[in-house]
Amino acid sequence: MSPTALESAKNLFIRRWGEMAASWGISRTMAEIHALLYLSPEPLCTDDIMDRLAVSRGSASMNLRELSNWGLITRTHQRGDRKEYFEAEKDVWLMFETITRERRRREVQPIVETIQRCKTMIDENKAALSATQRREAETFQKSLANIAEFSEMMNAMFNLMVKASRSGLKPALKLLEKLAG
């Protein structure tokens with residue numbers, strides 16, 4: 001593979017990783033920086049990232065900080081160099097766990113708490129509702145219960161996946177395929 005083909009392939013992956021993340025509500029630039037660091041065999045400094053992705057220093061710094069907060073990259077220093085360097089977690093399994101855990105904390109947990117709060121609000125005020133409002137409240141609570149049940153199942157599945165680890169996941173997948181078949 002020529003260096004040009006290699007660079008084209010890397011660019012394509014970085015672009016697609018950014019597009020995928022953008023469809024999940026994650027900053028495209030953040031995802032592209034993550035993809036670049038994931039593919040890089042060596043840690044990169046902010047200047048390298050800015051040059052490679054044509055982003056501003058402010059954007060690079062903000063997104064590097066966020067990736068670090070997510071636990072997807074780490075800061076490193078090179079002896080004799082004052083610059084900060086960054087490298088991404090290379091283990092795809094650990095990366096998946098980190099992203100899933102962080103998304104659950106940032107997105108799923110708040111909606112689960114909101115569901116509980118909504119149920120409590122209705123329960124505490126049921127006596128003041130008219131018959132029509134009570135029927136509407138019951139429908140609303142059933143909808144909330146469905147979302148809560150789904151969230152609980154997804155959380156349980158994630159916990160099992162993490163507990164089973166890589167080696168236990170393949171047999172579990174085969175079992176699920178059998179059950180679905």
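**Glu 97 and the overall fold**

Glu 97 is found in helix 5, which covers residues 92-125; helices (H or I, at least four residues) and strands (E, at least two) are DSSP runs numbered from the N terminus. The model is predicted, so that local features need pLDDT of at least 70 and side-chain atom pairs count only at pLDDT 80 or more, whereas totals for chains, interfaces and linings use all residues. Residues are numbered from 1 along each chain as its sequence is written, and side-chain values use heavy atoms, with hydrogens and water left out.

Glu 97 is buried, its relative accessible area being 11% (buried, under 20%; exposed, over 50%; partly exposed in between; 1.4 Å probe, protein chains only). Beyond its neighbours within four places in sequence, Glu 97 is in contact (heavy atoms within 4.5 Å) with Phe 158 and Val 162.

The chain comprises six helices and three strands, arranged along the sequence as α-α-β-α-α-β-β-α-α. The C-alpha trace spans about 70 × 45 × 30 Å along its principal axes.

Of the 181 residues, 27% count as buried. Among contacts with a separation of 6 or more, 55% are accounted for by residues 24 or more positions apart. Carbon and sulfur atoms contribute 57% of the accessible surface of about 12300 Å², computed by the Shrake-Rupley method with a 1.4 Å probe.
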